[in-house]
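Please look over the sequence and the model before reading on. The paragraphs that follow lead through selected parts of the structure, one after another.

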Amino acid sequence: MCSVGDDFDNQTEKLMQKATLTKLSDTCNKCRAEKPCIVLRGKDTYCKNCFLINTVHKFKASLGKSRLIHLNDRVLVWYQIGHPSVALLHFLRTGLDLSTPKKLRFHPIILFVYDQYQLNNKEGKELIENAKRIVSSFGFDCNFISFADYVSNPENVPNLLNSESLFAENDIEKLNLVIHKTSSRTNRNDIKSLLRKKLLIDVAKYWKCKFVFTPEISIDIASNLLSNISLGRGSHVSIDTGFCDDRDDEVRILKPLRQFDMKELALYNNFNRLESLSVRKSAVNPYSSVQDLMAKFVIELQKDFPATVTTIVKTGDKLSLDKNAEVKCKLCKGPVSVSDDLVTSQQSTNFSRFVSNELVDCNKSRQERFSTICNKFDQTNNENELLCYSCTRIYGNFML
Amino acid sequence: MPSKCSAKCGRNAVLKRPKTGDSLCKECFFEAFENEVHFTVTKAKLFKPNTTVAIGASGGKDSTVLAYVLKLLNEKYDYKLKLFLLSIDEGITGYRDDSLDTVKQNRDDYDIPLKILSYKDLYGWTMDEIVAEIGRKNNCTFCGVFRRQALDRGANLLKVDYLATGHNADDIAETVLMNILRGDVARLSRCTSIITDSGDGIPRVKPLKYCYEKEIVMYAYFRKLVYFSTECVFAPNAYRGHARILLKDLEKIDPAVIMNIIHSGETMKVSEHSKMPTLTKCTRCGYVSSQEICKACVLLEGLNKGLPRLGIGKSSKVKRILEENEKLKGASCNGEDNKCLCSGNDLKPSKFNDLKI
Amino acid sequence: MKITVEFSGGAELLFNNKKSHDVDLPDKDTNWTIANLLLWIKDNLLQERPELFLQDNSVRPGILVLVNDTDWELLGCLDYKIEPRDKIIFISTLHGG
């Protein structure tokens with residue numbers, strides 16, 4: 001049966017508008033005086049001054065609105081390759097240097113996590129040198145840690161920070177000691193992402209930081225949201241992609257750049273003559289993992305429907321955690337959902353798996369066959385209450 | 001060397017089921033598939049005994065398999081249900097004619113009574129006539145709105161206790177993705193429910209909710225069930241197409257994604273601060289709606305008054321135009337020869353308002 | 001016609017790591033536009049992996065273009081007519097980890 005138009009609502013149709021060529025204004029949207037030099041979101045024009053001021057203001061507003069960070073708090077800043085991280089450093093430095101009451105009054109500590117396994121020795125050294133140089137140009141020290149070494153030995157954070165060797169030939173083997181070699185790329189990505197978060201929290205705790213800043217921007221939020229839904233992490237959307245992830249009792253992870261798009265930050269950097277960190281990108285097949293496919297999907301849909309990313313982010317903003325969930329997942333620390341429903345997809349999948357592997361006694365009547373199977377199934381309590389749905393699926397890939 | 005059936009019956013496997021990755025022989029697959037639907041039906045307490053169930057039948061694979069399996073389970077497990085096939089004739093030449101023939105064959109093959117209701121009966125317009133009037137740009141909107149109401153109205157007319165539809169796991173996963181893409185949090189919170197109430201007291205149930213589309217196709221194939229499969233001639237590249245392609249690509253990477261998305265939909269919670277639309281009853285026809293005048297009445301108003309874009313756009317505009325029309329009503333819009341004074345078109349009789357429920 | 005072409009944000013990696021290029025475009029009967037400049041760049045400057053810079057006769061999505069510090073979207077994109085001493089910058093937003 002054709003299911004097109006099954007649920008139609010004229011409110012939401014306007015959000016699915018195709019990109020049309022709108023006439024661009026020949027004065028800045030903000031000051032209405034100057035000639036514009038930049039177009040954002042395909043329709044808003046700004047002059048250089050207004051654009052720069054607006055951008056900084058947007059950053060301050062996202063921090064200020066949350067009222068989370070207080071005087072003298074220490075904040076671990078995760079510095080990554082690309083434009084967003086550099087813009088973030090610039091926001092921080094200019095904010096700290098202000099002599100007005102609006103001055104930022106917390107202490108950022110910068111951390112670069114080395115996990116670029118496609119680079120050779122020379123390229124790796126260059127990357128580290130460039131990172132050091134760029135971060136010091138903002139008056140900060142750059143701290144380093146190797147992801148592979150952390151994963152091999154998570155208790156050893158104090159010795160791993162700023163160690164002499166950040167990468168080695170056997171880094172990938174080190175990872176394979178923890179993540180099973182035959183894991184799908186999707187599961188590998190999911191596990192790496194969990195481990196990275198754990199690393200940030202452990203380093204933050206060691207350096208007595210109450211907060212971590214990560215440089216995710218709107219398109220990252222949108223594609224992470226869709227990826228997480230596809231992995232079964234729908235109930236954690238508000239902490240996975242929201243502004244604040246407060247799963248840990250001591251450290252909160254914040255995403256101060258989540259409302260920005262890449263063009264904004266790349267041009268912000270350009271006008272401020274800032275250099276960003278970049279590396280040779282290895283070719284990735286977008287169909288090799290759920291995460292890569294979602295990134296490709298969002299980028300392409302955004303081209304034709306410019307409201308895609310903001311709509312997805314807004315949808316995420318409207319979701320929250322289940323208040324009835326009391327148990328925290330052992331792996332990801334997210335709440336383990338408790339369902340009111342009589343039957344769930346988790347149960348159904350387990351039943352299907354069970355039924356596909358059970359021999360049926362054809363001599364018994366249909367009803368008897370079913371009740372035998374059902375009883376047997378009910379007895380096999382294969383739901384691990386200590387892990388959430390998605391972590392249950394990747395737990396087998398951990399070699400612990 | 002063919003592999004053996006994973007249920008350890010000794011037979012050779014003939015298919016690999018996407019839902020779990022297990023290889024099964026034909027017989028064990030039938031048993032597993034049917035057991036799973038029975039599991040869903042019983043655990044979710046979908047039906048009460050001694051009730052009547054209308055099965056939304058389009059002649060497509062989902063409704064054919066639904067009809068077959070419900071009939072089978074009804075007999076084997078003594079659900080004590082009275083089953084009907086309910087079919088809607090949209091009046092699309094070439095599409096519906098063939099699919100209705102298939103439904104009639106299902107009626108004969110499965111020995112289940114059939115009731116056909118047409119858009120012409122319910123609304124006074126066939127889809128062919130609507131497309132002739134408005135072109136192909138928004139025809140799916142009309143069809144979808146009318147069809148959704150038609151099934152409910154049909155269920156009401158037949159005075160059944162339940163309406164069962166063939167929505168499968170792929171459909172539901174796709175709907176979850178669609179609702180995220182278009183920011184419809186209200187629908188997002190409802191679309192994974194196995195039982196939904198359209199407000200008039202007749203629950204809509206989805207017994208095939210956890211069945212993979214691929215497995216439905218395999219079941220129909222191996223059971224040699226007859227069904228009609230083709231694209232509606234009017235269906236354009238709807239936005240939903242993007243979600244569909246995405247889902248198919250995801251399934252190729254890992255078929256478990258379909259159940260993962262449904263799980264996400266089932267477990268996500270809407271924040272208390274989000275505004276959700278409240279439901280009321282349409283002032284024209286009594287159907288449940290979030291607006292004062294339901295979508296179908298709005299669209300019909302447009303068709304009947306030669307305003308084809310009415311209902312395709314902002315609701316505030318719609319309200320204003322309807323209010324203006326209300327004022328004109330007293331002034332009698334039609335001339336003596338039954339033609340519209342504004343456009344000169346013949347006025348089509350609308351039996352729609354007679355169906356006050 | 002002498003112009004300056006710059007690459008940043010990682011785009012320079014495709015051009016021998018050289019960020020700034022002083023370019024002398026040969027005289028032509030027709031005007032130089034960004035469209036044909038791209039083809040010229042492909043033939044004369046691009047060192048590797050053209051698919052990371054170009055797509056379907058334009059820049060790959062994710063590459064921003066500024067002419068004299070102004071967004072090319074305000075200047076007609078590919079149809080912009082290049083003038084002497086123009087500074088055209090291509091900023092990549094793709095070269096990330």
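Predicted model: local features only at pLDDT ≥ 70, side-chain atom pairs only at ≥ 80, totals over all residues.

Strand E3 (residues 51-56) of chain B pairs with E4(B) over six bridges, and the two strands run in the parallel sense.

We turn next to the contact between the two chains. The size of an interface is often given as the accessible area lost when the parts come together. For chain B and chain A, the area buried between them is about 6900 Å², and 61% of it falls on carbon and sulfur atoms. Chain B brings 72 residues to the contact, and chain A brings 72 residues as well.

Which interactions cross this interface? Between chain B and chain A there are 21 residue pairs in polar contact, counting pairs with both residues at pLDDT 80 or more, and four salt bridges are found across the interface. Among these salt bridges is that of A:Lys323 with B:Glu272, whose closest N and O atoms are 3.7 Å apart.

On the side of chain B that touches chain A, the elements giving two or more residues are helix H1 (26-43), helix H2 (61-76), helix H6 (139-157), helix H7 (169-181), helix H8 (185-190), H10, helix H11 (256-267) and strand E9 (269-270) of chain B. H11(B) gives the most to this side, with nine residues. By residue class, the side of chain B that touches chain A comprises 28 nonpolar, 22 polar and 22 charged residues.

Strand pairing also joins the two chains, for strand E9 (residues 319-320) of chain A is linked by two bridges to E9(B), and these strands run antiparallel. Within this pairing, A:Leu319 stands opposite B:Val270 in E9(B).

Key: Residues numbered from 1 in each chain as written. Chains lettered and ligands numbered in written order. Heavy atoms only, no water. Contact = heavy atoms within 4.5 Å. Buried area = accessible area lost by both parts, 1.4 Å probe. Salt bridge = Lys/Arg side-chain N within 4 Å of Asp/Glu carboxyl O. Polar contact = N/O pair within 3.5 Å; in protein donor to acceptor, adjacent residues only side chain to side chain. Helix = DSSP H or I, 4+ residues; strand = E, 2+ residues; numbered from the N terminus. Nonpolar A, V, L, I, M, F, W, Y, C, P; charged D, E, K, R; others polar. Pairing = 2+ DSSP bridges.
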